[in-house]
Amino acid sequence: MSGLIYEQKHRIKYYECDATKKISVPMLLNIMLYVSGKQGKLLNVGDDVVAQHGLSWIILQTEINVERLPKANEEITVVTQPQSYNKFFTYREFKVYDEAGELCVTTHCTFAMMDFNKRKMVRIVDELVAPYEVEATKKLVRTPKPEIVDQEAAKTIDYRVRYLDIDANQHVNNAKYLDWFLDSLGLDFIKNHELKSINVKYEKEVSYGNWVQCEVSQKVQEDGRILTAHQINNDGIPSCEASMTWLPL
């Protein structure tokens, strides 16, 4: 049985939207994570309490399915629920609804705990998840891997990690990778295609001042959707991989 449900309403601001006047996916991810953090705080196991154990939460993989992206000034309701946890991973679901109660976005995240000083993943501390009333299990949730970049058709863009790309864990914020992936597609592509899904897998930390290479390739699937594959490399080492599906407008 899944854990406690928590929800919060949010009025979308114009500055949370991109050039399409819809909420940007990186911003929406940040809002969803804020809501889950709010739940933790209300249960007295927020980030400050986790930090007292010398730990922090990190995201290993995110799957996002989009019915539609809400626009500026719409009020959305973000609903989140932890699904289960085992020795090393926790799984959480998010759903975003519009004012009419229609489902807009569904997201599944896989989390782990990191020793903040050693920068290594550690076992889940039971007392930090117990207040969520979430099921403990020995099972691992098998999530599909993102599609691999076609190297023969790929293009590469370099990005430098700036101060505002770094979060409290002292590495690149999860949403920033989405910024890079979307930017690599170009404005014309994004304006002429509708995003339907994202699968992101985080591999290695990227730090302030690093130069990363963002590779991207595209291919048309049998159903007419466009599949874009993405990979961030840091000094030749893959740091993050993603694939997205798009519908032409």
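This is a predicted model: local features need pLDDT of at least 70, side-chain atom pairs count only at pLDDT 80 or more; totals for chains, interfaces and linings use all residues.
Local features here need pLDDT of at least 70 and side-chain atom pairs count only at pLDDT 80 or more, while totals for chains, interfaces and linings use all residues. Residues are numbered from 1 along each chain as its sequence is written, and side-chain values use heavy atoms, with hydrogens and water left out.

Searching the whole structure gives 6 aromatic pairs. Rings of Phe, Tyr and Trp (its six-membered ring) pair if their centres lie within 6.5 Å; planes under 30 degrees apart are stacked, over 60 edge-to-face, and the rest tilted. Tyr14 and Tyr15 have ring centres 5.4 Å apart and planes at 80°, so this pair is edge-to-face. Both residues are exposed; the cut-offs for relative accessible area are under 20% for buried, over 50% for exposed, and partly exposed in between (1.4 Å probe, protein chains only).

Trp57 and Phe111 also pair edge-to-face, at 6.4 Å centre to centre and 85° between the planes. Trp57 is in strand E2 (residues 55–66) and Phe111 in strand E5 (residues 103–115), so the pair ties together parts 54 residues apart in sequence. Strands (E, at least two residues) and helices (H or I, at least four) are DSSP runs, numbered from the N terminus. Phe111 has 10% relative accessibility and counts as buried.

Next, the cluster: Tyr159, Tyr177, Trp180 and Tyr202 form one aromatic cluster.

Last, Leu164. This residue is in the loop between strand E7 (155–160) and helix H4 (174–185), and at 73% relative accessibility Leu164 counts as exposed.
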